[in-house]
Amino acid sequence: MSRHFVKIVKVKEVKPHPNADKLEIVSIEGIDVEIIHSKGTLKKGNLVIYVPINSVLPISITSKLPIDIKKGRVRAIRIRQYFSQGLILEPSVWLPNKKIKEGQDVAKALGIVKWEPPE
């Protein structure tokens, strides 16, 4: 079984989504993925929480998100012709008053686990 990480990572690039006025395409350092995110909330160099696909979020997080995540499972989805490969959370919202550093695994602190297919 592989280890599941939910890491603090740095935003590498933020570019406008060509098919949506209120969305941006965000890439993060060290991980070759793009994530669709709300426009105007992130800048290059920001530290964020990267939640990879096949992570299961607790209801304490899903109930406060502005998007619907079926059964708490993060999946790769297509949003206006672009794939989003995970979820970005802002540390100041989800880990307030906690000292964070790049590369830190925060899965346990947030109660996020790896999705396992039913047997």
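Guide: With 119 residues, a compact globule would have a radius of gyration (taken over C-alpha atoms; the rule is 2.2 Å times the number of residues to the power 0.38) near 14 Å, and the chain agrees, having 14 Å. This is a predicted model, in which local features need pLDDT of at least 70 and side-chain atom pairs count only at pLDDT 80 or more, while totals for chains, interfaces and linings use all residues. Residues are numbered from 1 along each chain as its sequence is written, and side-chain values use heavy atoms, leaving out hydrogens and water.

Visitor: How many helices and strands are in the chain?
Guide: The chain has 3 helices and 9 strands. Helices (H or I, at least four residues) and strands (E, at least two) are DSSP runs, numbered from the N terminus.

Visitor: And in what order do the elements run?
Guide: From the N terminus, the order is β-β-β-β-β-α-β-β-β-α-α-β.

Visitor: Is strand E4 mostly covered or open?
Guide: Strand E4, residues 47–51, is mostly covered, with 4 of its 5 residues buried. Buried means under 20% relative accessible area (1.4 Å probe, protein chains only).

Visitor: Which strands pair with E4?
Guide: Strand E1 (residues 7–16) runs antiparallel to E4 and is joined to it by 4 bridges. Strand E8 (residues 87–89) also pairs with E4 in the antiparallel sense, over 3 bridges. Two strands pair if DSSP finds at least two bridges between them.

Visitor: Which residue is the bridge partner of Ile 49 in E8?
Guide: The partner of Ile 49 is Leu 89.

Conventions. Buried means under 20% relative accessible area, exposed over 50%, partly exposed in between (1.4 Å probe, protein chains only).
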